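Biologist: I would like to learn how to read a structure like this one, feature by feature. Could we start with contacts?

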Amino acid sequence: MSKVAVIWSSPNNDGLTASAKDRVIKGLTEAGTEVEEIQLNKKHVEHCRACGNGWGTCNKTGSCVIKDEFADIYRSLAEADGIVWISAVYWSDMTEAFKAFFDRLRRCDATKNHLMADKRCVLVACAGGTGRGTLECLTQFERGLSHMGMRVYDRISVVRYNKDYILGALEEAGKTYAKTLETGFDMYY
Ligand SMILES: Cc1cc2nc3c(=O)[nH]c(=O)nc-3n(C[C@H](O)[C@H](O)[C@H](O)COP(=O)(O)O)c2cc1C
């Protein structure tokens, strides 16, 4: 049985992002996947201090000097077979909570540990405005994931105009992703 981490961020516990997360988890669970849900806004994760001359010590030690919940979340992601990243769209980008976490993850992982390399992921961006910002948000996410060697299996925009049909599709996405984690991916780049 595969294990999937669903890491999501929105300060809103009953908004669009939370609904998207619920539906992906429903699909994954129905397909028999073990899910670990991580709500980043409830975690204590400080931003990178860019210590030393900017490269810090993480590029040699693989760990961050800040003692908060970052290391626990990193471990959960490293242990997962797959990861679903779900963010509310703020300023056409991921949330501040995601940016803080992502910066530190990239430094520890891309420069030293390489625990995230080759993980297959699904990306979901949830926007309440025009929805155009989902594209930039997804692009930013994928750029960071690529730095760590991760691969994106699907990129899904959730906007207020498509939520009536896209939430159902997210459930199906969860099921298909679960199946694909078991049977293998034929997508490379
Ligand atoms: C600070 C801030 C910036 C936002 N920027 C954008 C944006 O660039 N594009 C967009 O479509 N919506 C934007 N929104 C709207 C959010 O994407 C919308 O509220 C979305 O539903 C957030 O997810 P939630 O329902 O989980 O709160 C912004 C909202 C906030 C609070």
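Predicted model: local features only at pLDDT ≥ 70, side-chain atom pairs only at ≥ 80, totals over all residues.

Biologist: Where does Leu138 lie, and is Leu138 buried or exposed?

Modeller: Leu138 lies in helix H5, residues 133–147. To judge burial, count the other C-beta atoms within 10 Å; 20 or more means buried. Leu138 has 21, so Leu138 is buried.

Biologist: How does His47 read on the count of C-beta neighbours?

Modeller: His47 has 13 C-beta neighbours inside 10 Å, so it counts as partly exposed. His47 is found in the loop between E2 and H2. Beyond four places in sequence, the contacts of His47 are Ala100 and Asp103. His47 and Arg155 are 108 residues apart along the chain, and their C-alpha atoms are separated by 26 Å.

Biologist: Now the strands. What does E1 pair with?

Modeller: Look at the direction of the strands and at the number of bridges. E1, residues 3–9, pairs in the parallel sense with E2, residues 34–39, over six bridges. Six bridges also join E1 to E3, residues 82–88, and these two strands run parallel. Individual partners can be read off: Ile7 is bridged to Ile38 in E2, and Val6 stands opposite Val84 in E3. E1 is mostly covered, with six of its seven residues buried.

Biologist: Which handedness does the unit of E1, H1 and E2 have?

Modeller: Right-handed. E1, helix H1 (residues 16–30) and E2 make a β-α-β unit of that hand.

Biologist: And the nonpolar core?

Modeller: In soluble globular proteins, nonpolar side chains tend to be buried together. Here the largest nonpolar core has 54 residues, and Val24, Val84, Val124 and Cys126 touch the most other members. E4 supplies the largest share of this core, seven residues.

Biologist: Which residues is Cys126 in contact with, leaving aside neighbours within four places in sequence?

Modeller: Leu16, Thr17, Ala20, Ile86, Ala88, Val89 and Val158.

Biologist: Last, the backbone angles. Which phi value does Ala50 have?

Modeller: Look for a positive phi in a residue other than glycine. Ala50 has a phi near 45 degrees, which is such a value. Ala50 sits in the loop between E2 and helix H2 (58–61). With 11 C-beta neighbours inside 10 Å, Ala50 counts as exposed.

Biologist: Where is Trp91 placed, and is Trp91 buried or exposed?

Modeller: Trp91 is in the loop between E3 and helix H4 (96–113). There are 10 other C-beta atoms within 10 Å, so Trp91 is exposed. The phi of Trp91 is positive, about 55 degrees, although Trp91 is not a glycine.

Technical notes:
Residues numbered from 1 in each chain as written. Buried ≥ 20, exposed ≤ 12 C-beta atoms within 10 Å, placed from the backbone. Helix = DSSP H or I, 4+ residues; strand = E, 2+ residues; numbered from the N terminus. Pairing = 2+ DSSP bridges. Right-handed = clockwise from strand over helix to strand, strands pointing away. Core = buried A, V, L, I, M, F, W, Y, C linked by C-beta atoms within 7 Å. Contact = placed C-beta atoms within 7 Å.
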